[in-house]
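Hi there,

Here is the structure I promised to pass on to you. Have a look at it first, and then read on for what I found in it.

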Amino acid sequence: MNLANRLVGLVVPLLLVLAVTGLGSLASSSNEIYFLTALVDVVIVVGLYVFVGNSGVLSFGQMSFVAVGAFAAGLLTIPPGVKRNILPDLFPFLERHSTGNLVSLLLAAALGAVFALLVGLPLMRLSGLAAGIATFAVLGITHNVLLYYEKIGPGPGTMTSIPETTGLVQAMWGALVAILVAWLYQLSRQGRLLRATREDAAVAQAVGVSVHRQRLWAFGLSGAICGFGGGLLVHQLGTITAEQLYLELTFLTLAMLVVGGTNSLLGAVVGALLVSGLDSFLVNAETGVHVLGLTVDVPTGASTVVLGALMALILVLRPSGITGGREARLPRWWPRRAEGAP
Amino acid sequence: MLQTALNALALGSVYALMAVGIGLVFGVLRLVNFAYGQLIMAGAFSLAVTSEQGWPDWASLLTCFAVVIALSLLMEVAVFRPLRNAPPATMLVATFAIAFLLQAVALMKFGSLGKVATIFPGLFDPVADSGRFATVRWVTIVAITCGVVAVVGLTVMLERTSVGLHMRAAAADFRTARLLGVNANRVITLAVVLSGVLAAAVSVILVIQTPLVVPSFALRDTIIVLVGVVVGGLDRLWTATLGGFSIGVATSIFTDKLPTDATVYVDSFVFLAVIAVLLLRPNGLFAPASARPVERA
């Protein structure tokens, strides 16, 4: 496990992102959106991975940080004059203030982190099913409040007129930064301690690792990346509803992580790109798409059916995900120093 | 007051039925079946379609049970069986995938507006013409009866028959039970079929209460029950059932007693209560003090 191998673990996901960006810039402007979606998905899934992958604790709550980030970034970039008209019930200070694109993204990340730390402080004592259900309860509450509380958002309606500032380049930088942060974290002392608790919580505790504290750090960091991803998402779409940030996206992003391989950064990136691409292709196929000279025509609504079936199939064939939870490594034939050398 | 109590009892009974269905499968497979609500949805649509065709009520009822049981067996053979030794996250996401698949199929076939099922319309009538029981409907009594019958019947089966003994053994320690000669596939198939029967019963009760069947039918209820069974404690059937029952009671009381402008936040109150309970008793509200965590080593 030398440094070169570690670096390969960083470089391969980064190259994947660059390759997707490159393909996206070659694609026609109507197809560019699919590459954009894939890159934003990478950010959210990497955020999910930082907690779920490193701690081994399943969380359904991460979408609430995405939702908070998305709502914050959206609200803060609608021009005040427009905001007064489309969202008349807002708190006055939310109505009056607006910021630019970058500031809103940073605020989304900060808000995601703060929310995650607050929620995590009590919840990170739980593990296993109890943790999964408790984080799900957090998602339920967040969704319920965003859906009905009109002082902080559109309520059951749609938030519109959000500047669409997430282009291909911004999405690429977002994905690169998220991957770099996740890689640095899993290489750090904190990251290693958390992975030790994943392998055996009792032993880790016995040698003096605080399971609660390590999980809390990861939860906060994951909240920051997820909030950031929510900001990117809302600036990509231009409109948002509370419903868009609930069960379906939770399912889709979790599926991306599990299909790719829960225990590795590479798995998160590969899963996000693959499932996102598949999803876009199938949705597109509902209106008829040409592949290798053949017209693939799928009835409307069939994309979710096919996606669900394909994901179930992948999981049955490869229960640990496509990457098997391993990072990218140097090929076997690559010359390396003898193992165990000082 | 009496009305609130009866409403709570009725919703609690329906949720307890669902909790038994989810708990049975969890007991032998260690699998939280997120697609359970879609089984109920499928049963409800089969009721809607058959009643629309003018079938007699007993034929619709039989079809509903047949459809739901067949679907649960299909799920078991196609997905649960190959994933039997997979990590819990993988199994859960696989049931997620099936849930969304079934919902998408319903959306394609029946549209988002759904269908109306008219079955046993008489059961929706009030028990009495006027007076204290005017708002108590027959279906409430059916729901409570079903809940009691299911719980008593299953308790007898689990405690008094040899297949029940096998099932309890498999739930306690699956590998050791197999070593001691428990036929794994038989026990699992039985649990899956029983949980299908319960899902079909729930879909009949729910359809009588809300005849409009849409693709997201029973989705919210399933989520709440899934939360409830974990809160109650999933490693024993009776704690899971009590968990489902209590979350039904809690939801119903919150719905009846919150001020009108706060009723949209019922879910938030329920989930807050859930978080509080989980923090105080992470192994389950009703789990004995000696209970071990649910996961298998």
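Let me start with chain B, which has eleven helices and two strands. Read from the N terminus, its elements follow the order α-α-α-α-β-α-α-α-α-β-α-α-α. Please keep in mind that this is a predicted model.

How compact is chain B for its 297 residues? Its radius of gyration is 19 Å, close to the 19 Å from the globule rule, so chain B is as compact as a globular protein of that length. The C-alpha trace of chain B spans about 60 × 45 × 35 Å along its principal axes. Buried residues account for 52% of the chain. Of the contacts in chain B with a separation of 6 or more, 73% are between residues 24 or more positions apart.

Chain A can be described in the same terms. Its secondary structure comes to 14 helices and two strands. With 342 residues, chain A has a radius of gyration of 20 Å, close to the 20 Å that the globule rule gives, so chain A too is as compact as a globular protein of its length. Along the principal axes, its C-alpha atoms fill a box of roughly 70 × 55 × 35 Å. In chain A, 51% of the residues count as buried. Among its contacts between residues at least 6 apart in sequence, 80% join residues at least 24 apart.

Now to where the chains meet. The contact takes 33 residues from chain A and 35 residues from chain B. On the chain A side, the elements that give two or more residues are helix 7 (128–148), helix 12 (247–260) and helix 14 (302–317). Which of them gives the largest share? That is helix 7 of chain A, with twelve residues. By type, the chain A side divides into 25 nonpolar residues, seven polar and one charged.

Helix 3 of chain B is worth a look as well. This helix covers residues 57–80, and its 24 residues should span 34 Å at 1.5 Å a residue; the end C-alpha atoms are 33 Å apart, which agrees. Its buried residues include Leu61(B), Cys64(B), Val68(B), Leu71(B), Met75(B) and Val79(B), and also Glu76(B). As a reminder, an α-helix has 3.6 residues a turn, so residues three or four places apart point the same way. The buried residues of helix 3 of chain B pack against helix 1 (2–29), helix 2 (36–52), helix 4 (88–110) and helix 8 (184–209) of chain B, and also against helix 14 of chain A.

Two backbone details in chain B may interest you. Arg30(B) has a positive phi of about 55° although it is not a glycine, and it sits in the loop between helix 1 and helix 2 of chain B. Ala218(B), likewise not a glycine, has a positive phi near 70°; its place is the loop between strand 2 (212–213) and helix 9 (219–232) of chain B. Are these residues buried or partly exposed? Arg30(B) has 18 other C-beta atoms within 10 Å and is partly exposed, whereas Ala218(B) has 27 and is buried.

Finally, one residue in chain A: Ser280(A) lies in helix 13 (residues 265–285). With 19 other C-beta atoms within 10 Å, Ser280(A) is partly exposed, because the cut-off for buried is 20 or more. Leaving out residues up to four places away in sequence, Ser280(A) touches Tyr34(A) and Thr37(A).

Best wishes

Technical notes
Residues numbered from 1 in each chain as written. Chains lettered and ligands numbered in written order. Predicted model: local features only at pLDDT ≥ 70, side-chain atom pairs only at ≥ 80, totals over all residues. Helix = DSSP H or I, 4+ residues; strand = E, 2+ residues; numbered from the N terminus. Buried ≥ 20, exposed ≤ 12 C-beta atoms within 10 Å, placed from the backbone. Contact = placed C-beta atoms within 7 Å. Nonpolar A, V, L, I, M, F, W, Y, C, P; charged D, E, K, R; others polar. Rg over C-alpha atoms; globule rule 2.2 N^0.38 Å. Expected span 1.5 Å × (residues − 1).
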